[in-house]
Each structure stands twice: as C-alpha cells, then as structure tokens.
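This report describes selected features of the structure shown below.

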Amino acid sequence: MFELAIKIVINGLTSSLVYILMALGFTLIFGIMRVVNFAHGELYMVAAFLVYVLVGSLGWNYYLVVVLAAIAMGLFGAVLERVLFRPFIGRELNGMIMALAISITLQATAFILFGPDEHSVQRPISGVIQLGAVMVPRDRLAVGLIALLILAVFYLFMRYTKVGLAMRAVVQDEEIASIHGVRPKFIHPFAFGLGAMLAGFAGALMAPIYTIYPYMGSQPMLKAFIVVILGGLGSVPGAVLGGVVLGLSESIFATLINTTVATMISFAIVVLILLVKPTGLLGR
Amino acid sequence: MMKIMMQRTLLVLASAIGFVWAASTAAQVDTLKIGVVSALSGPGSEWGLAQDGGMKIAAMEANAKGGLKVGNKTYKIEVISYDDQYKAALSVSAATRLIEQDKVKFVVGPLGSAAVLAVKPLWEKNKIFAIIGAYSEKVLDADTKYSYRGYPTQTEFAGRIVEWLKKNKPALKTVAQIEPNDETGWSSNRLLKGQYDGAGYKIVSSELFERSLKDFQPVLTRVLATKPDIIELGTTPTGTAGLMVRQARELGFKGQFVKIGGPGVPQLVAAAGKEFAEGLITYAAADMTTKQYKDLELQYAKVLKPPMNEFVVYFYDAARMLLDAIQAAGTVDDTDKVRAAFEKMSPYNGIQGTIRLGGMKDYGADHQMLTPVFIGVIKNGEQVIMGRMD
C-alpha cells in the first residue's frame, strides 16, 4: 500500500511539473497582455517537432536542442506579439480569435510538413531507478528535475530582476506601472516570449517521452487552461498550486479507479473550487 | 483584299470547329467521384490513411489505363477524401457533404465503429455503396444492403490466434485487457474476452482508456498489480500501444504482449523501442516480405506519404473489387446493380490470396469480406510471420 502511495505521488508530481510549465506561460501571457493564448499548445507542439527534426533526423545533442527550441519559441512568441497581437491590446475577444487562428495555422502547417502520423524520438535517457519496490523511469525523473530547475530560475527571475519586477507590476496594474517608467511596449513582447519559451521547454522535454504529431498540443493546452482557471487567471503561485492539485488528483483517481473517472473528478474539483472561489485558488 | 479576308474567316472558323470538337471529345471522358471519409489524422490515422490510400491506388491504376470503361463511356476516377479524426460527429458531417454536395454514389469508410454506426444509416437510406471499416459486430446485420466491411475483425480471426497462443505458449494463463473507451474498444473487449475465456484463460484486469491519453503510468500501475501473464492491447492505436509497451516494461512487466487488433508494427516499434517491443505477438494483415506487398508500397508512395500501413492491402483489394463490379454492372448510378455484381465477384483474387464474402452466420448478411490473415511476432524491430490463416 505504501509502495502504491509512493508511485501515485511520484506519477502525480512528474505530471504536475509539466502542467505547471505550460500553465505558467499561459497565465503570464494572460496576466500581462490579457490575451487568452489558445495557440499555447501549438507552441508546445512546434518545440517537440524541432526536437524531432534536430535530434531525430540530424542527430544533434538533445539537451542543446531543448535549450535552442525554447529560445526559438521565445523569439517566435515575441514576434507573434509584435506582429499579430499588438493591434488587439485591450480587446480580449479579438486577441482570443487571433490566437485560435494561429493555433489552426500551426497545426495545419505541421500536418502538411510532417503528415498525420505519430513520430518518435530516441530518448536521451532510458532505464529505471529502483526506490525500494518502486520503479521510476529515469527519463521522467530527468524531466521532473529539469522542470524544477526551470521553475526555480523563473521564480528567481520574476522575484529578483528588474524586468521580473516590472512584469509583476504590469500584472497588477499596467497604467500605474507605466507611470513609474515601465514600458509596456517592451514588457509585452518580453512576457509573450517568456511564456512561449516555457511552453517550448515543456514540448521539448516531453518530445521523447510520448509521441509527436500535429495535434499533440491540444491536451497540454487543456490541462494548462484547467490549471490556470483552478489557480486563478494571471496568478503565478496559483498556476503552481493548480498544477499540483490537478496532477495529484489525476494520479490518485486514475490509479485507484480509472482514467475516465479521474478526468471527471478533476473537472468536478475545478467546478467546486470555482463555485466557492470564482477567481480561483489564488486569483484576485 | 476580299480573298485575304475570306481566307482569314475560314481559318478562324476551322479553328473554332476544331476547338469545339476537341472539347467535346475530352468531355466524353466523364468523372466518377468516389468518396472517402475516415480518420486521416490523429490516433488511428494509420488505418484511416490505409482506407484512403487503398482507394487512391486503385483509382490511380485505373486512370493510368485511360480510365474506367463502363458501358460505352470512360470515366476518370476522382477520389474525394474527408478527415473525420475518428469522431462520429465529424464523420456524419463529412458523409452528408459527400451525399448532398459531392453527389457520390460510392464511398470508402468510415473507420471507427462509432462513426460507422452513426453514418451507415445515411449510406443505406441514400443507397450509397460503401466499403466500411469498424470492429464492432453491430455494424453488420440482416438489414444491411449497401455496406460491406472491407477487413476481417476479431470475430473472424481472434479465435485462431488465441488457439495458436494456447498451443505455442502454454505457460501463459492470465490476461489483462486494455482498450480505448469507445464503441471500438468496448466491442473488441467483449469479443476478445469471449475468446480468451473460451480457451481457458483467466481475465485478471480489464481497462478502458480515453484515446487522447498518453501517460499510462496510473493505468499500468493498476494493471500490473494483478500480475498478468499477457497484456492484450486489442484495438489500441499503434503509436499509443508502443507507449504502453514501453511504460509497462519500465514499470517492471516482463510478460507477453499480444495485439489481436489493428496492426502496425513500425509505428509500435518506433514508440516502444526495439528492445521493449521484442517478442510482441500481433495479428498481421499482410506478409510484408512478398513482392506484391512491396510493389503496393511503391504505389502508395505515389498517392500518400509513406510509411504504408498493412491495412492498405484490404482496401486496395476492396477498391479493385468495387471498380470491377461497376464495370460488370455497366452503370455508375445504379448501386443496386453494382452491389449485385459485387456479390458475384466472390471469390475474388486479392493480392495475398482469395477473398470471399461471408458473415451470414455471425451477422445475418454476407457483407463481410473474408481475407487471409497472419500471425506475426516482432523480432529485432521487424514483423516476422509465424502463421497464416486463409
């Protein structure tokens, strides 16, 4: 029973970390730009395909490609903000529709270039670590540890750098922040790029774990959305807490009952929490 | 001057007559539209593209010979394909479009059981001749007139594979089943349970998963707690099955994987890894080492992007049989005549052997195409045929 509990916690936490990576980027973009980025899952997907091409076909070093893919997504995100989203600042519905259009375009492009098949990339690490009677796949453990490192760097950046402080100020009140010298025209593309970079990290890290195909971003997008709603739109600590709640609840109920019930219960938890606290666990 | 003008006028007139004559000659090659509605993207698309590819290859070959001669007309075949992403709702929209806008009389698809159950009434009501997929036993019944299932299902071959397993791996006694949570999976779960129970195996676990799921750690944790000798993957899409195989091996499963359901060794091996897929026993639609199969792969590459799934063999043969039936019936409009001609085509010379129409005992109508099937095992990342069932 104890071994089962350990397995459930480990499974839940490794899932949570990836959900948090996705959700943080999503909530950052919303918090600063008030854009519901429905293309977030496709940024995850594009990063995974970059791994497929650079690692799978060209044989580049996997860890180098993870960093490159994340940076590429960051730059791509900044360009998207500047070219496509900036005209819709302040108009949330238009921004959402633009994000949907980008999502469909990226999916279709991937479909045309790579076809509908599910592709696989050789894992950089394989094998298992035995913790007593519990077996933990090394690749998942590696993803979890790298995700933790990324989250730690992100936290330090947001907490202790000028740009991080400026971004937090913009989340609280853009007008007051601009009076204090914060330039939204710099913060917006930076925030979008940073959010996209986090999605890029998630996609690149998960590429060898699962299969890669044009529609692979839909599920992570859905999870990110749930986590962000659960934690509070625009709340970074909320995204972390929401990710942990979702990951653990899914793991518990999927292991003890089945995956369909786990999905239902995770939605039910979200509904209950929103009924009690409509702004989410840590939302304002 | 007058003479020059007359000459010019005659030249223009002759050109115009020649143009009209050429156009009318070209118009004598009519177009026969054949529809495809199937899972052309997402999990399951390996089989959906097989439906699409099989029809497209047969059409391409007919067109290369100058078109399909039906009566005293020749038809260029145009294949119109729609993607239903394995979703019944999208399948219904696509089917409606094929009937009302594209005005087709012949279709291939859908693939998924839920989609076929939703769409088949449309095919039957509108007298659309259809080569359908679906593993569910519910899709064929005594009232089925215009739909023919293009590939054999577990009803046709599972018993033989389970018998082979019993004879060749007698130490294995217990089975855990994992299937997708929809009509295809429920039907497969039921059929395979019946076969395993009948052969004396004990079913220790039966799991259903959502098709979008990729993380099977929780499911497999529960399954492995029942200590099965066999994990039966059934109709799980091949990429997903590969993930299950890998994740189960990483969780410590050392037993036998079996897949008596949709085949696709290359994708499964790519997702699982060669070492983990080693020894997996699978139902195989084709012997991929034959010249006919390799030729078909070359043809497939001309119509769709490789790799080709072995299901193409079924739908290529079914498509050829359909085109031959249209020719024999002498009509592209009267699907009653075409289906009568189609039924007379049995037995038919398929590229792997003889194809028959059967199924009266199991379904109440001879609308099931019965083809040779194979038992394969994965060795060093490749499918090796261990047995053949005609």
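## A residue after a buried helix

Which residue with a positive phi follows α8(B)? In this predicted model, α8(B) is followed by B:G252, whose phi is near 105°. The helix itself covers residues 238-250 of chain B and has 13 residues. From its first C-alpha to its last, α8(B) reaches 18 Å, close to the 18 Å expected at 1.5 Å a residue. Because 13 of its 13 residues are buried, α8(B) is largely enclosed by the rest of the structure.

## Overall form of chain A

Chain A has eleven helices and two strands. From the N terminus on, the order of its elements is α-α-α-α-β-β-α-α-α-α-α-α-α. The radius of gyration of chain A is 19 Å, close to the 19 Å given by the globule rule for 284 residues, so chain A is as compact as a globular protein of that length.

Taken along the principal axes, the C-alpha atoms of chain A fill a box of roughly 60 × 50 × 35 Å. Buried residues make up 52% of the 284 residues. Among contacts in chain A with a separation of 6 or more, 76% are accounted for by residues 24 or more positions apart.

## Helix packing in chain A

Helix α3 of chain A spans residues 62-85, has 24 residues and reaches 32 Å from its first C-alpha to its last, close to the 34 Å expected at 1.5 Å a residue. Its buried residues include A:Y62, A:V65, A:M73, A:L80, A:E81 and A:F85. The buried residues of α3(A) pack against α1 (2-33), α2 (40-57), α4 (92-114) and α8 (184-206) of chain A.

Two of these partners, α1(A) and α8(A), also pack against each other: their axes come within 8 Å and cross at roughly 165°. The two helices are therefore roughly antiparallel to each other. The crossing in which α1(A) passes α8(A) is left-handed. Among the residues that make the contact are A:L21, A:G25, A:L28 and A:I32 of α1(A), together with A:A191, A:G195, A:L198 and A:A202 of α8(A).

## Helix packing in chain B

In chain B, the axes of helix α2 (residues 45-64) and helix α12 (residues 312-329) come within 7 Å and cross at roughly 45°. That angle makes α2(B) oblique to α12(B). Their crossing is right-handed. Residues of α2(B) including B:G53, B:G54 and B:I57 meet residues of α12(B) including B:F315, B:A319 and B:L323.

Most residues other than glycine have a negative phi, and most peptide bonds are trans. B:Y86 has a positive phi, near 65°, and is placed in the loop between β3 and α3 (88-100) of chain B. With 28 C-beta neighbours inside 10 Å, B:Y86 counts as buried. B:A134 likewise has a positive phi, near 80°, and lies in the loop between β5 (129-132) and β6 (147-149) of chain B. B:A134 counts as buried, with 27 C-beta neighbours inside 10 Å.

Cis peptide bonds occur as well. One joins B:P306 and B:P307, with omega about 10°; B:P307 lies in the loop between α11 (291-303) and α12 of chain B. Another joins B:S346 and B:P347, with omega about 0°; B:P347 is found in the loop between α13 (335-344) and β12 (348-349) of chain B.

Methods:
Residues numbered from 1 in each chain as written. Chains lettered and ligands numbered in written order. Predicted model: local features only at pLDDT ≥ 70, side-chain atom pairs only at ≥ 80, totals over all residues. Helix = DSSP H or I, 4+ residues; strand = E, 2+ residues; numbered from the N terminus. Rg over C-alpha atoms; globule rule 2.2 N^0.38 Å. Buried ≥ 20, exposed ≤ 12 C-beta atoms within 10 Å, placed from the backbone. Contact = placed C-beta atoms within 7 Å. Expected span 1.5 Å × (residues − 1). Axes fitted to C-alpha atoms, helices over the stretch in contact; angles between N-to-C directions. Parallel < 35°, antiparallel > 145°, perpendicular 65-115°, else oblique. Left-handed = near helix turned anticlockwise from the far one by under 90°.
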